[in-house]
Every structure is written in structure tokens, then in C-alpha cells.
Amino acid sequence: MKKRILLILTLMIFKTTYGQGLDGKWILKEVGYKEFKKNPGLQILNFENNKVGLFTELRLTKPQLDLKVKDNSLVLENGEKYGNLKLLNENFLRILVDGTFNDDKVIMEMDFVRILPTNTDLSREEIKSLSFEFQEKGKSKTKIAFNRELWDKKRLEEFEIKEGSKWVLEKLDETYLITIFNRGRKGVTLPISEVNEQFLKFYCVPNETGEVIATRTE
């Protein structure tokens, strides 16, 4: 009798973890094998009552894949397994999928971070008007100024290009995000957790803390 009660409780916890606990939107941080991981571009998983859409654009108009949660796995519409789910904590999800690395068959890790509302009292226009900068260990300072070219004319002419670097402010529901363009090509998209007139904090970055704090510049 005790074993049966324990089994029922385990199934109830499991259902909560991989059902209701996943509802919401998750953004891909990186994918790869062991320490060889990178961000290939915007990918968002939207979980709703065990139904999942994989999107590659912020409008979330048409999913690239329609998936379902079954037990601890994601499955395609035809029933084929897409990957295994591993909820590392309430805001960090890992999907384990079959892949290849150096021609060897391996289990690839797709790491997703839950998208949460941005903590701010500022309007979109107010945020766009502010400038910030940050410096990661061993690197030069990086400037954040939204929706404007960050390379000066001399540098653009030196590299013989029309576009250098641009940080674009975007929004999904109640979350502000940064999309980085390099030489006219769209790169990574990073959610902003908090922004005010003193600092800007964004996450889903591949460093020790998973986030960056940029301070206001005049």
C-alpha cells in the first residue's frame, strides 16, 4: 500500500514538473556537446498545456515545429521523439537530442532559459534614449546604444562596409529584449531582466553568472 501511495505521489510531482511547470516561453541560450556550445540564433519554445511551438522569430506567428510533451520527452506530431526534457531548475531547461560531433553520434544539449517580464518603470522610448556600457573579464568595454550605428565612419570605411554593429531594442509580451546585429547580419537575442536610469541587466549569456550588468553612461 505504501509503495502504491509513493508511486502516485511521484507521478503527481512528475506531471506538475513537466506539465504546468513548463508553461510559458523559453529562449535558447546555447546548444552543443559538453563544453563545445554556441548560440546559433533566436529560438523560442512556447509551452501551453503540454503543446509546444518552436519559433525562430519574436512575433511567434508560425512555429517551425509543433511538438507535444509526453512523459519527460518532446515528441513530433507523428509521434517520433524529438528529445528528452531535463528541468534543471524552474528557469533553466535542457533538451537532450541525438546529434553528431566530429562524426561521432552523441547526445547534444539544448539549453533554454525561461523568459520573464522585465523589471522597469521606463517606457520603451525612455529605454531607447539611454546609453550603457559594460566590460567582461579580459575584454574591452562594449557600448549599448539602441537602434543606432555604433561604429564610427572611419572604422566603417576602414573595413569597407556600410553597417558595423547595432543593438536593437525589441519586446515580447512584458519582456524587453536586445537583438545584436553585426555587419548587417542578425546575431543573438538577449532578454533584459531589469533596466532603469542607472543600469541595464540582461541574461542568457555564456559566462559564469549567465548575465551582464551594464552601467549608465552620459
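This is a predicted model: local features need pLDDT of at least 70, side-chain atom pairs count only at pLDDT 80 or more; totals for chains, interfaces and linings use all residues.
Colleague: Which helix holds both Glu125 and Lys128?

Modeller: Lys128, at 23% relative accessibility, is partly exposed. Glu125 and Lys128 are 3 residues apart, which puts about one helical turn between them, and the helix that holds them, residues 124-128, is α2.

Colleague: How many residues apart in sequence are the parts that Asp111 and Arg94 tie together?

Modeller: Asp111 and Arg94 form a salt bridge in which the closest N and O atoms are 2.7 Å apart. Asp111 lies in strand β9 (residues 104-114) and Arg94 in strand β8 (residues 92-101), so the parts that this pair ties together are separated in sequence by 17 residues.

Colleague: Is Lys141, which forms a salt bridge with Glu133, buried or exposed?

Modeller: The closest N and O atoms of Lys141 and Glu133 are 3.5 Å apart, and Glu133 is partly exposed at a relative accessible area of 26%. Because the relative accessible area of Lys141 is 55%, this residue is exposed.

Colleague: Which strand gives the most residues to the lining of the largest pocket?

Modeller: The largest pocket has a volume of about 590 Å³ and a lining of 26 residues, with Phe134, Glu136, Thr142, Trp167 and Ile180 nearest its centre. Several strands supply at least two lining residues each, among them β1 (24-33), β12 (165-172) and β14 (185-195). With 3 residues, the strand that gives the most is β14.

Conventions
Residues are numbered from 1 along each chain as its sequence is written. Side-chain values use heavy atoms; hydrogens and water are left out. On a 1 Å grid over the protein atoms alone, a cavity is a set of points where a 1.4 Å probe fits but cannot get out, and a pocket is an open set with protein on both sides within 12 Å along at least five of seven lines; lining residues have an atom within 4 Å of a point. Grid points are joined across faces, edges and corners, and a volume is the space filled by probe spheres set on the points. Helices (H or I, at least four residues) and strands (E, at least two) are DSSP runs, numbered from the N terminus. A salt bridge is a side-chain nitrogen of Lys or Arg within 4 Å of a carboxyl oxygen of Asp or Glu. Buried means under 20% relative accessible area, exposed over 50%, partly exposed in between (1.4 Å probe, protein chains only).
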